[in-house]
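Welcome! Take a look at the structure first.

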Amino acid sequence: MGNLASIIPVVVFLIVATGLGLYARRASNGSGEGFVKEYFIGGRSLGGFVLAMTTIATYGSVSSFVGGPGQAWETGFGWVYMATVQVTALFLLYGILGKKMALISRKIGGVTVIDVIRARYNSNALAVASAAIIVLFFSATMIAQFVGGAKLFEAVTGYSYNVGLALFGIAVIVFTTIGGFRGVALTDTLCGIAMLVGIAVLAAGILNAGGGYENIMATIEANSPQLLEPFSAGAMPASLYFTQWLLVGVLTFALPQSAVRCMGFKDTKALRQAMIVGTVIIGAMMIGVTALGTLSAGVLTEDLAAYGGSVDNIIPTAIAQTLPPWLAGIAIIGPIAASISTVSSLLIAASSSIVKDFWLHRCESRGRAVPDVTIARLSQLATFVIGAVVFVLSIVPPDVIWRINMFAFGGLETAFCWTFVLGLFWRGATKEGALLSMVGGVVVYCACMAAGVTFFGMHQIVIGITVSLVLMVAGSLASSRAAMRAGKQPQPPLFEAFFPEK
């Protein structure tokens with residue numbers, strides 16, 4: 001039987017989150033914006049703090065609070081040093097894509113990242129490939145979030161996995177379906193605050209249970225001194241540092257669920273504020289929670305087998321063993337908030353790929369006008385159906401959620417990094433090069449992941465991102481030369497929106 005005291009804070013949190021979704025729906029009804037712009041981009045009205053928190057909450061998934069710290073318990077401070085690169089995530093996102101993505105999306109009337117891609121390359125095939133990749137990898141990520149949150153709920157509250165899955169799975173599907181982008185942004189802000197509170201509560205529990213910081217460090221030094229070494233006695237080689245810095249730091253600006261945030265802020269002041277506030281908060285959050293994973297090794301001192309044989313069980317066990325039930329209920333709000341904020345952001349982006357970027361575009365290209373009420377119903381239906389499918393697939397949970405999350409990160413980064421960067425900043429990028437880069441890079445990345453092929457032991461993201469770059473440059477140069485020989489104009493109709501004549 002579960003502990004009622006530990007479940008009450010979670011239920012209250014989910015009720016408040018759902019209430020914010022309802023509030024956002026009412027606010028959007030009176031905003032004066034069309035449904036598509038409001039539902040998928042929040043009417044471009046996000047202020048600096050909300051922009052920062054929604055981006056952080058989208059980036060900080062349940063694996064950041066469960067899988068990552070669990071790996072740090074096993075690996076040591078080397079994993080914490082690796083996590084420091086996450087401080088750069090928002091700075092790179094807003095610095096590289098922020099201003100230009102916002103300006104272009106306003107010029108072309110775009111509300112999704114695929115709108116920008118279609119306008120830049122003038123390619124429906126590339127837009128369809130983008131939508132398919134987004135839905136595929138987003139679904140994998142959402143499954144990881146549902147599973148991680150439900151496992152944590154089960155371990156801490158004593159209620160079953162399915163009860164936890166139903167509780168917050170249904171809540172996140174409902175408030176995302178109702179609230180749209182604005183609702184997601186508001187609930188993400190709530191989730192970001194909940195994450196910080198959860199980290200603080202867990203830190204207090206671990207320090208108290210371990211007899212203070214100095215005693216915890218002494219215990220770790222006595223039992224597992226390799227955890228204090230930067231390279232963790234070979235468990236954290238330099239190649240792993242390099243590839244993880246790419247995977248969870250430098251390349252995360254290319255994640256479409258983050259890039260779309262660059263299209264939703266209201267002005268340059270909000271962007272600058274989000275860059276500063278977001279960098280500080282995400283640094284404290286990601287470094288702090290990962291460090292707690294290593295510090296828990298001074299409290300949870302048995303072999304991994306004693307904790308179910310999976311690093312995903314470390315943080316749930318630490319919460320259950322170091323905190324009274326009511327505080328444990330507050331502590332798990334943080335990682336559950338990370339789970340539902342990521343799911344809600346991915347849900348709204350996935351539904352936009354299907355409804356806005358595929359169905360509505362086909363209708364418009366055929367000259368068919370679609371009333372807002374029809375778009376509204378289909379958008380909410382798509383959001384609900386995608387969420388329901390992912391929910392069902394999560395009922396039988398996979399293991400090691402952080403690996404699933406990292407696989408999806410790598411696939412999305414391979415697909416969109418050069419499509420965004422070279423598309424926005426290189427006049428020579430063509431639709432042929434972009435399509436080769438996106439499809440070829442993802443196929444090679446997935447094949448290498450499936451076969452276990454690596455380059456000097458580094459994560460397959462290195463292979464994927466390199467192949468993607470080579471294909472983009474080679475394909476663009478070849479297609480440009482072919483177009484010039486044929487006397488064709490290689491530039492798409494909206495090219496001047498991206499590279500205005502000086």
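In α20, the residues E432, G433, A434, L436, S437, G440, G441, V444, Y445 and C448 meet I461, I463, G464, V467, S468, L471, M472, G475, S476 and S479 of α21; contact here means heavy atoms within 4.5 Å. This is a predicted model, where local features need pLDDT of at least 70 and side-chain atom pairs count only at 80 or more, while totals for chains, interfaces and linings use all residues. Residues are numbered from 1 along each chain as its sequence is written, and side-chain values use heavy atoms, with hydrogens and water left out.

- By class, the contact of α20 with α21 has 10 nonpolar, nine polar and one charged residues. Asp, Glu, Lys and Arg count as charged, Ala, Val, Leu, Ile, Met, Phe, Trp, Tyr, Cys and Pro as nonpolar, and the others, Gly among them, as polar.
- The axes of α20 (residues 431-451) and α21 (residues 461-485) come within 7 Å and cross at roughly 155°.
- That makes α20 roughly antiparallel to α21, a label for angles over 145 degrees.

**The largest cavity**
- About 230 Å³ of space lies in the largest cavity; a cavity is a set of points on a 1 Å grid where a 1.4 Å probe fits but cannot get out, and lining residues have an atom within 4 Å of a point.
- Of the 19 residues lining the largest cavity, S64, G68, Q86, V248 and M406 are the closest to its centre.
- Helix α19 gives the most to this lining, with four residues.
- By class, the lining has 11 nonpolar, eight polar and no charged residues.

Technical notes. Axes are lines fitted to C-alpha atoms, for helices over the stretch in contact, and angles run from 0 to 180 degrees between N-to-C directions. Helices (H or I, at least four residues) and strands (E, at least two) are DSSP runs, numbered from the N terminus. Angles under 35 degrees count as roughly parallel, over 145 as roughly antiparallel, 65 to 115 as roughly perpendicular and the rest as oblique. On a 1 Å grid over the protein atoms alone, a cavity is a set of points where a 1.4 Å probe fits but cannot get out, and a pocket is an open set with protein on both sides within 12 Å along at least five of seven lines; lining residues have an atom within 4 Å of a point. Grid points are joined across faces, edges and corners, and a volume is the space filled by probe spheres set on the points.
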